Amino acid sequence: MIAPLRGPAFGSYACDEVGWLLTDLSAVPLEAPPDHRERAIQAGTAHYAESLPVEYRPTDEYVALFRRALTDTADRLAHDVGVLTELVRHLVSPRPVLLSLARAGTPIAVLMRRWALAATGIDLPHYAVSIVRGRGIDTAALRWVLDRHDAADLVFVDGWTGKGAIARELTAALADFPVRPTLAVLTDPGSCTDVYGSRDDYLVPSACLNSTVSGLVSRTVLNRLLLRPGEFHGAKFYADLTDADLSTVFLDTVSARFASVMAAVARDWPELAASDRTPRWTGWPAVQRIGAEYHISDLNLVKPGVGETTRVLLRRVPWRVLIRAGAGRDVEHVRLLAADRGVPVEEHADLPYQCVGLIRPLSK
C-alpha cells in the first residue's frame, strides 16, 4: 500500500509534522551543473523538474546571517502564521487538511499545524505534495488525499507569491477535481491570492536556504524515466547534510513566539478577514516593464520578490539582481549571495517588490 514518507527515514521533520506524498529518489544522481541545466531548460530540451540543481551548502557567514534574520523576524513570522491559520480555519474549514506545496510551503504548513495545536488543541493533518509549473499538480497524490479526506477541507499552502505562476497553475490543475484552488501563503506581495498572512514583501528566513531549512528534502522531481505511472512525484532526502540542518531551528524559533503574539493575532485576523482581499495581481505590470527594459521576452526569467530572488541565486544562473532603493536588512542575504556569485546588483526607485532576480537569458 502506498503511504506517505515520514521522518526520520525520509526528511528531518518529526514523523507527525508532515507526510511527504513523494517517491524517494535519494539514491538517484539527479544533480546537474547550473549552466548545463539552464541551457537545457531555456532551449526546451529539458524541463526544470527533470533534474536538480547542486545543493547549496551554506557558508558560516551565510548561516550567521540566516540566524540573525530569523531572530529579527521571528515575532512577525509567528504573528503572520497565526493570522494565516485563523483565516484558513474560519474561511475555509474549522479542521482544514493542509497540503503544502513542496518544498517552500512545507515549513509554513508545519508552523500552521503547530499554531493550531497551541491555540486550539486541534491536530491538523498535513501532507506535502508536488506541483510543477507547466505540468500541474501531482494527481496521484491528490487522489490519495481525496480518498481519505473531505475535498471541502483541503487548503494548499505555499511560502510566498511572486508573479502568481503557481496560483494560476493550481487553479488550472484543479479544474477537473472537486477541490477549491484555495492557496494560503504567508506573504503575498504579488497580490495573487485572497488567503494570506501579509502582503508585504519581507524576508521569510526559510527562503534563505534550500533543503537545510526544509527537512533536508530536495525540490520535487517529475521525470518520467524514473517514475512509473501512478507513482507520486519524486524528491531526494539529503541525509549527508544533517550537520548543516537548520529546519528545526527555524520551526522552534518561530513557534516559541506564538504565546507572545496570541493577543495580536486575535485582534488582527478578524480585521483582515473582513477586508477586501481580492487579488489585484499588482506585481504583473512591473514584471512586464522589467522584461521590456532588459529585453527579456520569456517572463519566466523574471523572478520578483525576496523569496523568488533568493531562489534564482541559489538554484539558477543569475544575470543580475534589482533591489528597491532603500531596501534594508530584508535583502542583506541577497546582496551577500550576489557578491559570492559575482552577480551585478542594481538599485531601482520604483519597484513594487523589495527585489527582483533576473535569470540569464541564453542570448546574453
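## Pocket, helix pair and sheet

Ile-41, Gln-42, Ala-46, His-47, Tyr-48, Arg-133, Asp-298, Asn-300, Leu-301, Lys-303 and Arg-316 line the largest pocket. A pocket is an open set of points on a 1 Å grid over the protein atoms alone where a 1.4 Å probe fits, with protein on both sides within 12 Å along at least five of seven lines; lining residues have an atom within 4 Å of a point. The model is predicted, and local features need pLDDT of at least 70, side-chain atom pairs pLDDT 80 or more, while totals for chains, interfaces and linings use all residues. Residues are numbered from 1 along each chain as its sequence is written, and side-chain values use heavy atoms, without hydrogens and water.

The largest pocket holds about 170 Å³ of space, a volume being the space filled by probe spheres set on the points. Two sets of residues divide by class as follows.

Helices α3 (residues 105-120) and α6 (residues 247-255) pack at about 40°, their axes 10 Å apart. Axes are lines fitted to C-alpha atoms, for helices over the stretch in contact, and angles run from 0 to 180 degrees between N-to-C directions. Pro-107, Val-110, Leu-111 and Arg-114 of α3 make the contact (heavy atoms within 4.5 Å) with α6 residues Phe-250, Leu-251, Asp-252, Val-254 and Ser-255.

An open sheet of 4 strands has the order β13-β16-β14-β15, with mixed pairing; strands pair if DSSP finds at least two bridges between them. Helices (H or I, at least four residues) and strands (E, at least two) are DSSP runs.
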